[in-house]
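Subject: Handover of a structure for your attention

Dear colleague,

Please find below the structure that I am handing over to you.

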Amino acid sequence: MSEIKVSSIKNINNYVEFKINSSFESPILYLKSRKDESCSFRIKPQKLSKNEVVFHIPAETFSPTNIYYDAYLEYIKMSGDFIQDRIRTKSRWQRRFINLLNLKHQKVQHFNQEYLITEYFAVGGYLAFQVRESDQYDSLKYRLKEMIACLLVPFVYWYYKDSKLTYEKFSNYARDNSFYYFTYVQKHENNNKLFYVITKNSPDINNVRPYQKNIVYFMSIKHLLLIIVSKYFIASESKGHVYAWRHNQSIARYCLNRKPFVFLQHGVLGLKQVDKTFFANNRLNHADLFITSSEIEKNIVMNFLGYQDKDVAVTGLSRWDNFKNVTKEKKIFVMPTWRAQLELLTDEQFLQSNFYRSYCSLIHSDKIKHILHQNGYELHFMLHPKFVRFEKYFISDDESVKVFHQSEVPLDKELKTSELLITDYSSIVWDALYYGCPALLFQFDQEDYLQTQGSYLNFETDLKDIVIKDPRALLDRIAVFLRQKEEINLASFQHKYFAYTDQDNSKRICDSIGQWESSYQFMPLYKRHFLKSRH
């Protein structure tokens with residue numbers, strides 16, 4: 001395989017220009033979409049000489065439905081062989097300039113939304129492009145904040161060098177495992193340096209007000225400073241959620257990618273195979289300590305994600321410590337999970353999906369309304385946060401069916417106070433079973449789901465008693481449950497899938513982190529780069 005090296009990259013008007021200092025026979029630039037091959041495209045050279053090839057990539061050729069593109073050069077060797085090689089750079093300085101300091105990017109309009117086309121060098125120095133929506137954090141204001149944070153580092157490093165950051169989805173919530181772990185530390189460790197990152201307009205801002213001393217507002221100077229100097233992150237979401245979403249070119253992002261990470265998890269692994277984000281061999285996003293809830297889940301993390309025994313702790317989830325016996329209400333809670341193939345659909349495409357049609361039919365079913373009225377029950381429907389833009393299409397036409405947004409009612413409250421949960425492949429089923437709430441898995445698209453997403457558990461053997469594929473069978477099962485209070489064997493599920501059912505999960509997590517921290521070889525970034533420069 002030949003080495004295809006980039007000599008320069010420039011953003012000019014409405015296209016990206018980059019040069020390769022080599023001569024090739026019939027070269028073609030191939031931009032390969034990581035998600036949908038049909039969105040990949042090829043570009044002919046703008047200029048071809050003996051020692052240089054120049055390409056101009058029009059910004060509008062990138063599809064906004066595909067986030068990442070990898071750059072390849074296709075050419076013919078003297079032997080006549082067709083070659084396709086990835087384009088890369090070995091220059092550390094070129095990589096750092098493009099990834100950290102490049103401020104000029106292409107902009108393109110799609111469906112009245114502005115998108116940015118940003119070039120960057122991925123792991124290994126390979127050239128790639130990202131397409132993302134433009135947002136408020138692209139303004140000069142936040143670049144200036146980051147510069148100020150960098151200037152402050154020498155003055156405050158020794159005070160904050162042992163600090164840790166925790167956060168939740170998009171740093172906008174305080175209701176999940178990160179929050180409950182954070183509150184445990186605040187109550188049990190004096191003068192701790194665990195900081196909670198949250199947006200100022202978060203719907204959960206009142207939850208963290210009692211701990212104001214350890215609260216850091218998202219994208220503030222202090223937040224950016226702590227990303228740079230903190231010791232490690234502890235969170236229920238990936239490291240990308242502690243910074244502006246999909247903003248990959250900045251000094252803060254560079255430091256973030258290299259921080260050790262304790263993964264508290266958002267849920268329990270089992271029903272949905274995860275992408276490679278959290279695989280042990282993912283250089284930037286792997287977990288240095290992976291929190292699980294049972295030996296079954298630990299084996300999944302080791303066998304499928306590639307972690308070693310010492311990197312996985314069985315503790316239970318910290319949010320389960322908040323469980324208290326509460327009065328059940330006469331209601332059914334319905335919350336399906338998201339689908340990767342639906343996330344980037346247009347509104348028109350979503351309305352044609354089986355997902356929309358199935359759940360819209362459920363909440364508008366005459367039979368479900370009759371069942372609810374007959375038994376004096378309500379049905380509460382809530383979408384996954386990734387589908388928030390589609391919420392407007394789920395409208396109730398009956399007083400017994402109510403549609404909620406996650407900012408309106410805490411998810412754990414719905415689980416604890418409902419008499420029955422209906423979901424599909426969501427890990428909230430484990431929370432429901434932990435809280436003693438019977439659950440049914442409505443999997444009308446199971447065959448398609450197993451092909452596109454996959455499961456670590458076998459639906460036909462492990463969960464056959466609660467899986468339902470047919471919509472009519474689901475309505476019949478609901479009617480039987482409300483009429484006879486049909487019992488699902490909760491004890492057998494709890495015994496099999498939970499190592500603990502007490503309220504000491506946060507304590508076990510804290511102990512596990514302490515053991516991991518005492519053995520982990522921490523090295524500040526400045527030392528790491530000093531050692532690299534010597535070699």
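In what follows, two residues are in contact when heavy atoms of each lie within 4.5 Å. Please note that this is a predicted model.

I begin with S294, which sits in the loop that links β17 (289-292) to α7. Leaving aside residues up to four places away in sequence, S294 touches V314, Y497, F498 and A499. S294 counts as buried because its relative accessibility is 3%, and the threshold for buried is under 20%. The side chain of S294 also has polar neighbours in the backbone: one of its polar atoms lies 3.4 Å from the backbone nitrogen of I296, and the backbone nitrogen of E297 is 3.1 Å from a polar atom of that side chain.

I turn next to the nonpolar cores. The largest holds 40 residues, of which L165, M219, V229, V242, Y243, F261 and F290 touch the most other members. Elements that contribute two or more residues to this core include the helices α2 (140-160), α5 (221-229), α6 (251-257) and α7 (295-305), together with the strands β13 (194-198), β15 (232-235) and β16 (261-263). The greatest contribution comes from α5, with 6 residues.

F290 has contacts with residues that include F263, L269, F278, V301, L305 and V312, again leaving aside residues up to four places away in sequence.

With kind regards

Methods: Residues numbered from 1 in each chain as written. Predicted model: local features only at pLDDT ≥ 70, side-chain atom pairs only at ≥ 80, totals over all residues. Heavy atoms only, no water. Core = buried A, V, L, I, M, F, W, Y, C linked by side-chain atoms within 4.5 Å. Buried < 20%, exposed > 50% of the residue type's maximum accessible area, 1.4 Å probe, protein only. Helix = DSSP H or I, 4+ residues; strand = E, 2+ residues; numbered from the N terminus. Polar contact = N/O pair within 3.5 Å; in protein donor to acceptor, adjacent residues only side chain to side chain.
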